Amino acid sequence: MFKTFRRMLLALTATAGMTTSLPAAAQDQWPTQPIKLVVPYAAGGTTDLIARRLGERLGRELGQTVLVENRPGASTNVGASFVAGAKPDGHTLLLGSIFQVLNPVFGPDPGFDLFSKLDPVSLVAEMPFVLAANPKATYSNGHELVVAAKAAPKQLSVSHAQLDLSLELLNSKAGMELLLVPYKGGGPATTDAMSGQVNMVYALVPVLLPHIQAGKLKPLAVTSVKRFAGLPNVPTFSESGVGFEMIMWYGVFTPGGTPKPIIERLNRATQKIMTSKEMMDWIRSAGADPASSTPDEFRAQLRKETTYWQGIAKTLPHLVQKQ
């Protein structure tokens, strides 16, 4: 069940022995060369689009070219490990996600410690998942779905692309048994839900929003704490009587040991960009919520989420990949 979500090779081991400090003069002159922004996903997806828009504007703010480099694989571990092992001079960045918290808990093991090998800079965006049904479905919201699913265990199918963990947790929280149908990508998973090959599809809002707006899918509930601005008429799972919340977030990281002055300057530039009207409007049009934070706020969130997911792993041990 969780195998599709976490089936990948073990991560590359982070390179040891890198210099962890720079002369003050070098810190003051940063950036002195093009900056590499690593995206641990394939080109063309939501994360890649956010990275390219962010990179373009970071380049303007910092007066240096920002090059986006896609390094997908191992549930984001390939790209994350590359950055974790890079020289901590502020010229290599990671656009990470919630998987940097999930992978150390559930697998695949990234092969490095998040809190020592990556330094958080700032959040940049957040988005919920949405469960949407074929328009012919008799249920129209999360509550009705749960009632129908409990009456017919494993009879209602939901397609997804490597999101077993999230759906298993939803099943557990709701006390139901949806039949999980894994796909290699969100496109085929969505197409089969629209055609009726499966009853529902579960994906990030940006993936399904155009099809929902076109009336080809019926949204049942979103996983955010409060209703999502892009789907104001769609209830949360909490409103539907299910205590289930899950937010996909994206944020900027540097290699662990990056000098504090560089992290602070990068944070100021990132926050300026993410709080600009232009960027906020673009993020919302893409189906996400703009976000920003201080490095300390981001680190505190990472620790809080790590503790939460470690608790989930204890209650649902079958979701943990055997290392």
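These exercises concern salt bridges in the predicted model above.

Residues are numbered from 1 along each chain as its sequence is written. Because the model is predicted, local features need pLDDT of at least 70, side-chain atom pairs count only at pLDDT 80 or more, totals for chains, interfaces and linings use all residues, and side-chain values use heavy atoms, with hydrogens and water left out.

**Exercise 1.** State how many salt bridges the model has.

Solution. Apply the rule: a side-chain nitrogen of Lys or Arg lies within 4 Å of a carboxyl oxygen of Asp or Glu. The count is 11 salt bridges.

**Exercise 2.** Find which parts the salt bridge of Glu-69 and Lys-36 ties together.

Solution. The N to O distance for Glu-69 and Lys-36 is 3.5 Å. Glu-69 belongs to strand 2 (residues 66–70) and Lys-36 to strand 1 (residues 35–39), so the pair links parts 33 residues apart in sequence. Strands (E, at least two residues) and helices (H or I, at least four) are DSSP runs, numbered from the N terminus.

**Exercise 3.** Locate the partners Glu-61 and Lys-272, then classify Lys-272 as buried, partly exposed or exposed.

Solution. The closest N and O atoms of this salt bridge are 3.4 Å apart. Glu-61 sits in helix 3 (residues 46–62) and Lys-272 in helix 11 (residues 260–274), so parts 211 residues apart in sequence are tied together. For accessibility, buried means under 20% relative accessible area, exposed over 50%, and partly exposed in between (1.4 Å probe, protein chains only). Lys-272, at 52%, is exposed; Glu-61, at 34%, is partly exposed.
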